Amino acid sequence: MTETANARKIAFATFVRRALDEARATRAWSGTEVSRRTGVSRQTINRWVRGDWASDPEAERVVAFCEGLGLSPATAFAALGWERTTSPHSAPTPPPMDPDVEALLRRLVDPDVSDAEKFHIRETIRYLAYRPTLPVDVRKRGKQAG
């Protein structure tokens, strides 16, 4: 293996590792959840982290991984040494983040916040994120009664 190929593997592995660490820290996503949200298998992600691939990763998988995590594929492409600077399917601009959500994310990465409080924040977010939504007509009835 050439020095350049090895350096590219290390750079891409570092990119993937950081993306996974951030997903765990800010979103409390497990490896399984990252795989589910990106559509890239855990085995593939693990190979990328180890730099254990004989040929370059497929561009579509790299794009799916990045878009699933809200990252720019251009950063991944740069780590791989690809000339390509835009993804084949450019990601839509995400909506502006709610200030309260930003505050929670900052608390989750703040080293001065206790693990117990971070756990409570994550559990509350999980509850809210995955609870069933009420049908529209039920929500309207609640507003009319008030």
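Predicted model: local features only at pLDDT ≥ 70, side-chain atom pairs only at ≥ 80, totals over all residues.
**Group meeting: helices, core and salt bridges**

Glu 58 is partly exposed, with a relative accessible area of 45%. The partner of Glu 58 is Arg 61, and their side chains meet at 4.0 Å, N to O. Arg 61 is partly exposed as well, at 36% relative accessible area.

How many salt bridges does the structure hold? The count is eight. I will go through two others.

The next pair is Arg 126 with Glu 123, a salt bridge at 2.6 Å, N to O. Both residues sit in helix α7, which covers residues 115–130, and they are three residues apart, so about one helical turn separates them. Arg 126 has 33% relative accessibility and counts as partly exposed. Glu 123, at 35%, is also partly exposed.

Salt bridges with shared partners also link Glu 33, Arg 36 and Arg 37 into one network. Within it, Glu 33 pairs with Arg 36, and their closest N and O atoms are 2.7 Å apart. These two residues belong to helix α2, residues 31–38, again three residues apart and about one turn of the helix. Is Glu 33 buried or exposed? Glu 33 is buried, with a relative accessible area of 15%. Arg 36, on the other hand, counts as exposed at 53%. As for the general point, side chains of opposite charge can pair when their charged atoms come close.

Now the overall chain. It has eight helices and zero strands, so the pattern along the sequence is helix after helix, α-α-α-α-α-α-α-α. There are 146 residues, and 29% of them count as buried. The chain exposes about 10100 Å², with carbon and sulfur atoms supplying 54% of that area. Taking the contacts with a separation of 6 or more, 56% are between residues 24 or more positions apart.

Last, the nonpolar side. The largest nonpolar core has 24 residues, and Phe 12, Val 16, Val 62 and Phe 65 have the most contacts inside it. Helices α1 (3–27), α3 (42–50), α4 (59–69) and α5 (73–80) each give two or more residues to this core.

Which residues does Phe 65 touch, leaving aside its neighbours within four places in sequence? The contacts are Phe 15, Val 16, Ala 19, Leu 20, Val 34, Thr 38, Val 40, Ile 45 and Trp 48. Val 16 is therefore on both lists: it is one of the core residues with the most contacts, and it is in contact with Phe 65.

Note on methods. Residues numbered from 1 in each chain as written. Heavy atoms only, no water. Core = buried A, V, L, I, M, F, W, Y, C linked by side-chain atoms within 4.5 Å. Buried < 20%, exposed > 50% of the residue type's maximum accessible area, 1.4 Å probe, protein only. Helix = DSSP H or I, 4+ residues; strand = E, 2+ residues; numbered from the N terminus. Contact = heavy atoms within 4.5 Å. Areas by Shrake-Rupley, 256 points an atom, 1.4 Å probe, with all protein chains shown as cover.
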